[in-house]
Amino acid sequence: MTEDEGLPPAKGPLIYRQSIWTRLTHWVWAICLFFLLLSGLQIFNAHPTLYIGKQSGFEFDNSVLSIGAVNTPDGPRGQTTVFGQTFDTTGVLGMSGPAANPSFVGFPGAVTIPSFRDLATGRVVHFFFGWIFVAALFIWFLASFINGHLRRDILPKGRDFTGLPRDALDHARLRLHHGRTYSPLQKLSYFAVFFVLFPLIILTGLTMSPGMDAAWPWLLDIFGGRQTARTIHFVVMVLLVLFFVVHIIMVLLAGPLNELRSMITGWYRTSPGTPSEQGDKP
């Protein structure tokens, strides 16, 4: 029997990794994005078709996504068309619910707020949480700039790009490292979310508002019209959902208790061998 046999695995130091501002805005975003997604699908159901261009209608052939129901010899079926390719999505998209009393909507009521058709309430919920989301993002940017979180953990540096292939390989092999700062893959992912996806979804949302178009007409020029902005808005939403799914998977793989503690108390258990600093817990 060796000297170390039977001993518990070594632990790295417990460091204070997340500030109160990062933790608060993280949970505010989680709540906001939940309500924004489900209320956004309610709004989408009012016209479940996306277009590229400044105009839309029956005389135009510029749709890139269409969800609806069609009559067939076997009865009504849900149908989704993406870039001209049509798929039967009965029970999920276009037509859902019990066979005796189906619901003919783009997305089923189980994933919309409200669960029944109510565009007005969906818009109220969407705009309410949209402005909270924007306010939280502004607070996060200001606090992260002041406390150095933005420079230290989000903005990628040269060594992050050179270390990206190795870090991606480590993630693929599930060799996850718990360091004092984010890994290259984390930095680039968060940078893409904060500096590309979040600004895009906010600006395209504003572009769909006639009031904002009157105040900032250049938004229509940037995004090629309200219909294109709506399509970009939808695509970014899908990308954020995919990011959320991957984020949850990585939290589970990296150790959910440690990750949750980091986002609740700010303290994070690092890997063995991580240098200690003053103020860290053993």
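The model is predicted. The chain has 282 residues, and 38% of them count as buried. Its secondary structure comes to 10 helices and 6 strands. Along the principal axes, the C-alpha trace spans about 75 × 50 × 35 Å.

The chain is assigned two domains. Domain 1 comprises residues 14-47 and 119-269, while domain 2 comprises residues 49-106. Domain 1 is therefore written as two segments, since its bounds come from an automatic or database domain assignment. The centres of domain 1 and domain 2, taken over C-alpha atoms, are separated by 30 Å. At the boundary, 10 residues of domain 1 are in contact with 13 residues of domain 2. The area buried between domain 1 and domain 2 is about 1000 Å². Carbon and sulfur atoms give 58% of that area.

Four of the strands form an open sheet. The order is β2-β3-β4-β5, and the pairing is antiparallel. The edge strands are β2 (49-51) and β5 (85-88), each of which pairs on one side only. Neighbouring strands of this sheet are turned by 30 degrees against each other on average, direction ignored. In general, strands of a sheet pair through backbone hydrogen bonds. Strands β3 (residues 63-72) and β4 (residues 75-82) run antiparallel and are joined by 8 bridges. Within this pair, V70 stands opposite R77 in β4. Helix α9 (residues 226-254) packs on the sheet and touches β2 and β3. The direction of α9 makes about 115 degrees with that of β2.

Nonpolar side chains tend to be buried together in soluble globular proteins. In this model, the largest nonpolar core has 37 residues. W29, F194 and F198 have the most contacts inside this core. Two or more residues come from each of α1 (20-45), β3, α2 (119-147), α3 (149-154), α6 (184-207), α8 (218-223) and α9. Helix α6 gives the most, with 8 residues. The core also draws on both domains, taking at least three residues from each of domain 1 and domain 2. F198 illustrates the packing. Leaving aside residues up to four places away in sequence, F198 touches W29, F133, L137, V193 and L240.

Notes:
Residues are numbered from 1 along each chain as its sequence is written. This is a predicted model: local features need pLDDT of at least 70, side-chain atom pairs count only at pLDDT 80 or more; totals for chains, interfaces and linings use all residues. Side-chain values use heavy atoms; hydrogens and water are left out. Two strands pair if DSSP finds at least two bridges between them. Axes are lines fitted to C-alpha atoms, for helices over the stretch in contact, and angles run from 0 to 180 degrees between N-to-C directions. Contact means heavy atoms within 4.5 Å. A nonpolar core is a set of buried Ala, Val, Leu, Ile, Met, Phe, Trp, Tyr and Cys residues joined through side-chain atoms within 4.5 Å. Buried means under 20% relative accessible area, exposed over 50%, partly exposed in between (1.4 Å probe, protein chains only). Buried area is the accessible area (1.4 Å probe) that two parts lose on being put together, summed over both.
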